[in-house]
Amino acid sequence: MARAALSAAAVVDVALRLVDEEGVAALTLAAVASRVGVATPSLYKHVRNLAELRALMSARIMDELSERIGSAVLGRSADEAVRALMTAWRDYVLAHPHRYAALGQAPEPRVAEAGERLVGVMLATLRAYDLDDTAVVHAVRCLRAAVHGFAVLEAERAFQRPEKLDETYDMLIRMVVAGLGTADRRP
């Protein structure tokens with residue numbers, strides 16, 4: 001990559017490819033600099049430090065996930081939309097396990113905007129259930145925990161029993177949908 005083409009976005013691109021290929025543990029500024037053919041100090045013109053690079057990566061990953069899920073739920077409603085959301089999220093994690101593992105889960109100001117877009121997609125997905133303001137927040141949290149937990153465990157090959165994971169995931173989707181049907185409604 002030519003130095004003139006180097007930008008914060010380009011550094012994030014390279015860092016994501018590095019993580020995809022070698023895992024999160026391989027992410028260092030020196031490794032990214034080596035891939036773009038510059039000395040490590042040259043990266044500081046584009047990212048302040050590794051923490052900022054991780055935050056920029058998390059925002060990008062969150063945006064990718066939001067876009068994937070948003071496309072999947074578009075034109076769908078209620079149970080069909082929840083199934084599409086959960087399937088798209090799982091598919092993203094399985095397609096990019098190292099990238100997803102690099103996604104910071106703790107609140108970080110630079111990631112907040114991207115996180116709000118994802119929450120917005122989830123809130124829109126749940127609109128058909130007519131949940132009150134508190135119940136919909138609980139529902140988003142439960143939905144996130146269910147899909148994130150399952151997908152991460154699957155990506156890490158933590159499920160060892162011979163039963164088919166697709167059948168287990170379908171059961172999880174049915175359980176989530178059934179739970180949404182019993183959630184508190186608007187008064």
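**Group meeting: an all-helix model and its ring cluster**

Okay, so what we have here is a protein with 9 helices and 0 strands, where helices (H or I, at least four residues) and strands (E, at least two) are DSSP runs numbered from the N terminus. Before I go on: this is a predicted model, so local features need pLDDT of at least 70 and side-chain atom pairs count only at pLDDT 80 or more, while totals for chains, interfaces and linings use all residues. Residues are numbered from 1 along each chain as its sequence is written, and side-chain values use heavy atoms, with hydrogens and water left out.

Overall picture, then. Along the sequence the pattern reads α-α-α-α-α-α-α-α-α. The C-alpha atoms fill a box of roughly 60 × 40 × 25 Å along the principal axes. There are 187 residues, and 40% of them count as buried; buried is under 20% relative accessible area, exposed is over 50%, and partly exposed is in between, with a 1.4 Å probe and protein chains only. As for contacts, meaning heavy atoms within 4.5 Å, take those with a separation of 6 or more: 69% are between residues 24 or more positions apart.

On charge, we get 23 positive and 24 negative side chains, and the centres of the two sets lie 5 Å apart. Lys and Arg are the positives, Asp and Glu the negatives, and His and the chain ends are not counted. Each charge is placed at NZ of Lys, CZ of Arg, CG of Asp or CD of Glu.

Now the bit I like, the aromatics. How many aromatic pairs turn up in the whole structure? The search finds 2. Rings of Phe, Tyr and Trp (its six-membered ring) pair if their centres lie within 6.5 Å; planes under 30 degrees apart are stacked, over 60 edge-to-face, and the rest tilted. Phe-150 and Phe-159 make a tilted pair, 4.9 Å centre to centre with 35° between the planes. Phe-150 is buried at 8% relative accessibility, whereas Phe-159 is partly exposed at 31%. Then there's Phe-150 with Tyr-169: the centres are 4.8 Å apart and the planes are at 50°, so that pair is tilted too. Phe-150 sits in helix α8 (residues 133-155) and Tyr-169 in helix α9 (residues 165-181), 19 residues apart, so to speak linking distant parts of the chain. Tyr-169 is buried, at 2%. Put together, ring pairs join Phe-150, Phe-159 and Tyr-169 into a cluster.

Staying on helix α8, have a look at Leu-143. Is Leu-143 buried or exposed? Buried, at 1% relative accessibility. Beyond its neighbours within four places in sequence, Leu-143 contacts Val-82, Leu-85, Met-86, Met-122, Leu-126 and Val-176. Val-82 is 61 residues away along the chain, with 8.7 Å between the C-alpha atoms.

Last one: Ala-155, also a helix α8 residue. Not counting residues up to four places away, Ala-155 touches Val-93, Leu-94 and Pro-97. Glu-80 is another story: 75 residues from Ala-155 in sequence and 24 Å away in space, C-alpha to C-alpha.
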